[in-house]
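Please look over the sequence and the 3D structure below before reading on. The notes after it are grouped by topic.

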Amino acid sequence: MRYVKATDVRSLRRLPLYYKVFKTLKSQIEEGEYKEGDLLPPEPQLEKRFCVSRITIRKAIEMLEQMGLVTRKQGKGTIVRNPKTVQSLNYITSFTETLIQKGLQVSSRNISVKLVTPCAKIASLLNINTDQKAIKIERIKYADGKPIAIMTNYLLPWIVPGIESKIPRLNSLYRLLEEDYNIELANAIEYIGACQADESEAEQLGVEPGTVLLTSRRITYDKEGRVIEVAILKIIASKYEYCVYLRGRPE
């Protein structure tokens, strides 16, 4: 029998309803109660089971989908994926750490930390309402004295209280999160794309407008499944590359 500490129970009561639903379904998927290819129960059934609204159920399923644990298909339902297939084959490393590993001297300039109302898309990724606030950190990353990327991070204020006073240590955000806030980063989903630098971006990076930039959008989670940050990078494509380790063929 698994015993739950009283402090754990109090913490659970303070969690949003959608997060409680998410945690329950996530555990059931990881423990094999719902197997790969299974359909999760339809939304009305989940509403009755958890005694919550449809909006709450959809928010929880959206979190599962963001973590790669399920796929929603119109006309069919929510399909469970194999949890093992969504585990990263690389460690979660920050952009700064990657540059340092390449032997480059890394610095941050034009650092800005603000409390903002994020756009609807960022709010959705952070799992907050559109009228809630988020911490927005903006800075230009330099490698060996030359600008290489524009970095924007969105974090939840109650997870990183007082971070505006830690600007001198924002060269490595992940280290700051781990050392000052005891946050254990567990997994992340990253989307890679490309765009052309507009005039403002070109000026900040010292390139011509229209220069190709790599774009990265990362949603990082802790071991409890909470969204810790949404990071958006725009990197000079000619100065950076991604290395992805692949293994084997799908069965």
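The model is predicted, and the values are computed from it.

**Helix 2 and helix 4**
- Helix 2 covers residues 17–30 and helix 4 covers residues 54–66; their axes lie 8 Å apart and meet at an angle of about 50 degrees.
- Because of that angle, helix 2 is oblique to helix 4.
- The two helices, helix 2 and helix 4, cross in a right-handed way.
- On the helix 2 side, the contact is made by L17, Y18, Y19, V21, F22, L25, K26 and I29.
- On the helix 4 side, the partners are T56, I57, K59, A60, M63 and L64.
- Sorted by type, the residues of this contact between helix 2 and helix 4 are 11 nonpolar, 1 polar and 2 charged.

**S112 in strand 3**
- S112 belongs to strand 3, which runs over residues 106–116.
- The relative accessibility of S112 is 17%, so S112 counts as buried, the cut-off being under 20%.
- Leaving aside residues up to four places away in sequence, S112 touches K136, I137 and E138.

**Two loop residues with positive phi**
- C51 sits in the loop between helix 3 (43–50) and helix 4.
- C51 is not a glycine, yet its phi is positive, at about 55 degrees.
- With a relative accessible area of 68%, C51 is exposed.
- D144 sits in the loop between strand 4 (134–143) and strand 5 (146–155).
- D144 is likewise a residue other than glycine with a positive phi, near 55 degrees.
- The relative accessible area of D144 is 46%, so D144 is partly exposed.

Conventions
Residues are numbered from 1 along each chain as its sequence is written. This is a predicted model: local features need pLDDT of at least 70, side-chain atom pairs count only at pLDDT 80 or more; totals for chains, interfaces and linings use all residues. Side-chain values use heavy atoms; hydrogens and water are left out. Axes are lines fitted to C-alpha atoms, for helices over the stretch in contact, and angles run from 0 to 180 degrees between N-to-C directions. Helices (H or I, at least four residues) and strands (E, at least two) are DSSP runs, numbered from the N terminus. Angles under 35 degrees count as roughly parallel, over 145 as roughly antiparallel, 65 to 115 as roughly perpendicular and the rest as oblique. A crossing is left-handed if the near helix is turned anticlockwise from the far one by less than a right angle, and right-handed if clockwise. Contact means heavy atoms within 4.5 Å. Ala, Val, Leu, Ile, Met, Phe, Trp, Tyr, Cys and Pro count as nonpolar, Asp, Glu, Lys and Arg as charged, and the others, Gly among them, as polar. Buried means under 20% relative accessible area, exposed over 50%, partly exposed in between (1.4 Å probe, protein chains only).
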